[in-house]
Every structure is written in C-alpha cells, then in structure tokens.
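Dear colleague,

I am passing on a structure that you have not worked with before. Please look through it first, and then read the notes that follow.

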Amino acid sequence: MKSWLFPILQTAVVVILLISYYAASWFGEQYVLRAEPYDPFDPFYGEYVMLQYPDLISTTVTDDDSVYFTLKESTDGYAVIDRLETEPFFGAIKGSVFGGSVTAPQLEQFYVEQGLGPDLESARNLEVTIDVSSWGTIRPVDLRERSE
Amino acid sequence: MDTEHKLKQWQQAGLLEKETAERILAFEKRQPAPKKLPLLLMIGLVFLSLAIFSFVAANWQAIPDLAKVLLMLALMWLFYTIAHFSEKKVFGSPLLFRVIGLAMFGAALLTAAQTFHFPLANSVLPWAMFLATLAHYFYWRHLIYSVIGFFFGALVLLSFMPDIGWLEWILFIAVAVAWFYFSKEFAPVVFSWILLFASGFMLWGLVDYDSVLWPIWTLFALVLLLLIVPETKQRMIRPLYLIAAGMLIVVYLAVRGQTFIGLIDESQLGEAIALAVVGIGVLLLSFFKFRSLMWVAVPGVIGLLLFDETAIGLAVAAELSALAYLIIAQRQNEPLGLGFVYFIIVQFVIYIIYAWERLDMSVFFLIGALLLFLLSAVAWWVNRRKEGATP
C-alpha cells in the first residue's frame, strides 16, 4: 500500500527534526548566557520573549548580517564569545551583529508557557541555558530569572 | 415523489411509454435509501471533539514537550487511517480526511518548532510542506493539492528572503520545473509556472549586480520551457506568457512615466543591449517554433527604452503592440478578450501619465477620440462592403 508511505515519511521528517534537536545535547556542551528581554511583543502563534545578550559583544565586527562564532565559559560562569569570524568555520554558530551585539536566530526569541511572558519581560535579569552541538546547532533548554 | 412527478410529466408529453415509466419507477424503488448519519450522532460527535480539543488546550502546558509533538503525529495518523478506510468502504470523503492529515503534519512541524525553540525564520517548514503536498499531488492528482502546493511553494520563496543561497534557489527551480513538466491539468501547470516566474525575482537577492530587468530575463528564460512541452501544453500556457509580457510592459511604462526613480544608468547600457539581442533571439525562435507567441519578444526593447526619461518610446511600444495584437488576432479569428483588456489598461496608463495634468487640453483629446471613432467606423464600413454585404 503505497499510500501509507505518506504518513510514514512525514513521521520520519518530524522524527529527524526532533533528533537533530536532541543531538545538540547528546554531542555538545552546555552554556549559560546572561540575557535581557527587549522589545517584547506577542504575535498570534504564542507567547515569547525577545532576548538580547549583554555578554555577547563583538569589537572587531560591529554590523554584519552573517557572522560565525563559538562560545566559552568565562570566570563568572556565564558564556562569552570565544572566536568570531565573518567566514564559516566548523562548529561555529551562525548569527548576526548589530551595533556590536551578537545574536543568533534561535537565541533571539524564546517561547515560554502561556502567562509567563509578561513576568519574564518585566524581569530585567534573565539567564538562558543552551546546548551547543559540536557542529554549531543550538538547543535552547531553559529561560529563568537570574539570581544575583 | 419528485421522480414520479417528472415521469408522469414526460409520459403526458408523449416522451415516454407507460411501460418504460413503470419500469423506471420500479427500479428506483428497489434502490437502497442513502445511508445518513443520524443527526443526534453528528451533533454528539461535534460536541465530543470540541470537548477533547478544549481539554487538550486547557492542559497544553502540562503536556511534556515530546508528547505534544507525538499527539499531533497521532492525529495525523488517525486522519490518514480514516482516509484509507473511507476509500475502501466508500464512506465520507477520503480527500477531505487526507487534507486534514496533511494539515496535521504541518501542525506537528509547527508544534515541534515552537516547543523546541527552532528558528521559524528559515525555510525548513515551508519546504517540508511544499514537498509533502507535491507528493500528495503526484499520487492522487487532485486540484486541492495543487492549490496547497502553490501556497507553500510561495511560502518557500518568501522564506528565502532576505539572504538566499544559490543551492536552495536551484533546488526550488528544479522542483518547480518537475512539477510543471509532469502535470497535465491546467491548475498545476499554471501554479508551477507562476512559481517559476516568481523565483526569477529572487535574482535581486542572489546577484550583487543591481538590475531592474530581472523579470524580463526570467520571462525570456521561461520561453525555453516551451521547447520541452508538447503542443497541447503550449496552447494551455500561451496566455500566461502573453499576460506576463503585457504586465511587464505596463508596469515598466507606469514606473518610468509616473515616477522620477532613476531606474537605469549608463553602466547598464550593455545589459539593455544584451536584453534587446536576446529579445531578437526570442522573436526568431518563436517565429519558427510557436508563431503565436512572438509578442513575448516585445519586452526585449524595454531595457533600451528605459533610458528615455519621457517614456514616450515605452508608450509607443505598448500602444503599437496592443493595436497590432488586436488587429492580427481579429484577422486570425482568435479570441480578443485578453488583447482588449491589455489595450484598455495601456490607454489608462498612458492617459494618467500624459493627460492627467493637462486636463485643460481635454477638448483636444475629445476631438482626437471622436476622429478615431469616425475613422474606425469608416474602416468598418469599407471592410463590410469588401466582404460583399449589401447595405
């Protein structure tokens, strides 16, 4: 029955998507990023918080649509930029720089449970836990208020 | 009963023998009554599904991440299974169930993206839906899949922006060409052609060289498609080429004539000349292969005419092509509808560009129009006499 191939293949696509997501935790390192909410808005497909990262700063490149960077843990336990290039290299996260602030598409917004959005937006000090795979994909794991 | 009444009418009108009418009536009475789902059961089902949905929605936060996606996948499987049995046992609409199953696939992807914080800006989700829908189309060949496929194809194109890669672009064109080539019905052929034409606009993002003529280059490139399709399909897509060519002329005329944007500069003279040369190539090719499509070559002159700031050259080209198309189409007894629409639009655009601010000269236009009307009446009269009609 060839028609069964459709749900089977479609399930496979979703499973591959999920595996690619979990793989970042299986074969990667975990970082905690200092984060701040900004320009919060609430489009129709759910509540999420827009984030920016005060520690992810670039001095060499100030404005670029596509940069490639890796992270390292600094002495206070929060992640900072390790290496930043304008050309891709293995293990790099693809992101962008605006006014010296570095971000990546997966880091810009964080979906939260319905109702939690306004609280997190009003809290200025947040931290985001992410897993970064050795080939540069990101899995955001947690968003919470920073205790400091 | 309606059948009984009709039969009696036909019998009275002498259209039907009495025996035949009786035999039809007896046959109709033997037919099993159509199975109907009891109304109460239907209302019950509606309420039950509403209850299930609100229960799931209320507890959505409490459901573990993975379970949310699995729930969507389970729904997808449920609808594909119902579709399978509805086809086998001939109940309900298998097509509808499959479309819902496909929608559930989209929902599973969206849920996965949302729960697992995937970036929604890239083109993975539209691509997955586009390819899945096309696969449905090629297996079941139903119009609805081509409509959904067109929608998601357009989403893929939109998701390419702002930064688009050559590989993805070429892949998209390959898929759209395959869809175009292997479809026989009108709708999928038109949809895939429109996607191909629209993918030409992506050249603005792909190539560093800043050209205003990409849409015309795209139209000329699409002429090559005509070489690989049989003649029936050529006839089917012919209006698309003519409409696209007409729209291009009108749009460039309107933009050049009505705005003060410097569309083109001297560094692009080479491109404009190249376009004109390719236009001549298209003209020759269509002259030998598909003569009714020679009009497509007309936009080839746009590149050169854009250098004229008054846009008079463009207006003349638009006007002449409109008139010539109408005259030739009428001589060959071809439909004139599209030609007329183009002709009227061209008149409007020219009127707005050149006459809007000179309304004090409207008497001049009125006299001109009356003269033209008179001339055409004379031409019609002479033509009529020539064909041998007696006044």
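Of the 391 residues in chain B, 26% count as buried, a residue being buried if 20 or more other C-beta atoms, placed from the backbone, lie within 10 Å of its own, exposed if 12 or fewer do, and partly exposed in between. Please bear in mind that this is a predicted model, in which local features need pLDDT of at least 70 and side-chain atom pairs count only at pLDDT 80 or more, while totals for chains, interfaces and linings use all residues. Residues are numbered from 1 along each chain as its sequence is written, and chains are lettered from A and ligands numbered from 1 in the order in which they are written.

Chain B has 18 helices and 0 strands, where helices (H or I, at least four residues) and strands (E, at least two) are DSSP runs numbered from the N terminus. Its radius of gyration is 30 Å, whereas a compact globule of 391 residues would have one near 21 Å; the radius is taken over C-alpha atoms, and the globule rule is 2.2 Å times the number of residues to the power 0.38. Along the principal axes, the C-alpha atoms of chain B fill a box of roughly 75 × 75 × 45 Å.

Within chain B, helix 4 (residues 65–88) and helix 5 (residues 94–115) pack at an angle of about 170°, with their axes 8 Å apart; axes are lines fitted to C-alpha atoms, for helices over the stretch in contact, and angles run from 0 to 180 degrees between N-to-C directions.

As for the interface, 21 residues of chain A are in contact with 23 residues of chain B, contact meaning that the C-beta atoms of two residues, placed from the backbone, lie within 7 Å. Helix 1 of chain A gives the largest share of the side of chain A that touches chain B, namely 9 residues.

The axes of helix 1 of chain A and helix 5 of chain B come within 10 Å and cross at roughly 5°, which makes the two helices roughly parallel. Here A:Pro7, A:Gln10, A:Val14, A:Leu17 and A:Leu18 meet B:Gly101, B:Phe105, B:Ala108, B:Leu109 and B:Ala112.

With best regards

Terms used:
Parallel < 35°, antiparallel > 145°, perpendicular 65-115°, else oblique.
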